[in-house]
Amino acid sequence: MASVEKIRFEKVTKTFPIRGDTKKRGLKEFTAVKDIHFTVKEGEFITLVGPSGCGKSTLLDLLGGLTKPSSGRILIDGKEISGPGLDRGTVFQQYALFPWKTARGNIEFGLEAKGVPKQEWKQLGDYYLDLVGLKNFADRYPHELSGGMKQRVAIARSLAFNPDVLLLDEPFAALDAQTRETLQTELLRIWEKTGKTIIFITHGIDEAVYLGQRVVILTANPGSVKKIVDIPLTNRLEAADIHANPEFVKARHEVWNLLHEQEFVGANI
């Protein structure tokens, strides 16, 4: 059975006006991403990795409908994105929780946004709290939660209004290594259970390879797709030490080389 295409980037370019040289008045144009062209299948987990300044967050803003392409277009289910929508949920590096709401209250905000009847909130809130392992922390406020717990609430809130696509912008970058590994595993478990289409931005090569079915590698200045690497890992959640898996090691080496080729070329000029 053929896989269904969920997202399509068609020659997407995004430019911004910036101030030019101080000696020359006026503005000049900065190209953040250029001719981005690839597709994402329904239910696929895609990771994007690249050097600073490659336009990863710009791409996520475009996909979220927060900004529009300067040229090209992005389609979801064959329809061009024209702005934000409840078919997409976003999780940021900074948790962006409402400090005056409990964990349950933050999750219920997503339900309210979707127009879910209030009498269903508790049952659904319980479901998503349990999904992210926080059923015993429903009445805690954000300042009473650890960083990892806050990020779990943020993920649950984004899932609560049942978006088709989940966008994650370096959500684990600020966490310690052990918490980050735990949440990576939890995210994979949630993905397997919900079947959501996920696009995950990261600076970490290991994280990109561990989570992604495919890794999209971007170049910098401007950001463009250098290569898309297939990751042939199966049973990630069952493996005792996935990082020692020969397929993981091989894929990590390929992604590392692709990311660092540009540096080596520059050093030899």
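## Ground rules

Since you'll be looking things up, note that residues are numbered from 1 along each chain as its sequence is written, and side-chain values use heavy atoms, with hydrogens and water left out. In this predicted model, local features need pLDDT of at least 70 and side-chain atom pairs count only at pLDDT 80 or more, while totals for chains, interfaces and linings use all residues.

Helices (H or I, at least four residues) and strands (E, at least two) are DSSP runs, numbered from the N terminus.

## The six-stranded sheet

Let's start with the sheet. Six strands make up an open sheet with mixed pairing, in the order β6-β7-β8-β3-β9-β10; two strands pair if DSSP finds at least two bridges between them. In general, strands of a sheet pair through backbone hydrogen bonds, either parallel or antiparallel.

The edges belong to β6 (88–91) and β10 (225–230); each has a single partner strand, so one side of each is left without a neighbour in the sheet. On average, neighbouring strands here are turned by 20° against each other, direction ignored. For angles, axes are lines fitted to C-alpha atoms (for helices over the stretch in contact), and values run from 0 to 180 degrees between N-to-C directions. Helix α4 lies across β6 and β7 (165–169), running at about 170° to β6.

## Strand β3 and its neighbours

Strand β3 (residues 45–49) runs parallel to β8 (residues 197–202), and five bridges join the two. Within that pairing, Phe45 sits opposite Ile198 and Val49 has Thr202 as its bridge partner. Strand β3 also runs parallel to β9 (residues 214–218), joined by four bridges. There, Ile46 has Arg214 as its bridge partner.

How buried is β3? Five of its five residues are buried, so β3 is largely enclosed by the rest of the structure. Buried here means under 20% relative accessible area, exposed means over 50%, and partly exposed falls in between (1.4 Å probe, protein chains only). Both faces of β3 are covered, with Phe45, Thr47 and Val49 buried on one side and Ile46 and Leu48 on the other.

## Helices

Helix α1 (residues 56–64) is another enclosed piece: seven of its nine residues are buried, so the rest of the structure largely encloses it. Those buried residues are Lys56, Thr58, Leu59, Leu60, Leu62, Leu63 and Gly64. Just after α1 comes Gly65, with a positive phi of about 80°.

Helices α2 (residues 103–114) and α3 (residues 121–131) pack at about 115°, their axes 9 Å apart. On the α2 side, the contact (heavy atoms within 4.5 Å) is made by Ala103, Arg104, Ile107, Glu108, Leu111 and Glu112. Helix α3 brings Trp121, Lys122, Leu124, Gly125, Asp126, Tyr128 and Leu129. Sorted by type, the contact has seven nonpolar, one polar and five charged residues; Ala, Val, Leu, Ile, Met, Phe, Trp, Tyr, Cys and Pro count as nonpolar, Asp, Glu, Lys and Arg as charged, and the others, Gly among them, as polar.

Thr15 is in strand β1 (residues 5–19) and counts as buried because its relative accessibility is 17%. Leaving aside neighbours within four places in sequence, Thr15 is in contact with Glu29, Phe30, Thr31 and Ser70.

Glu144 lies in the loop between α3 and α4 (147–160). With 38% relative accessibility, Glu144 counts as partly exposed. The C-alpha atoms of Glu144 and Tyr95 are separated by 14 Å, and the two residues are 49 residues apart along the chain.
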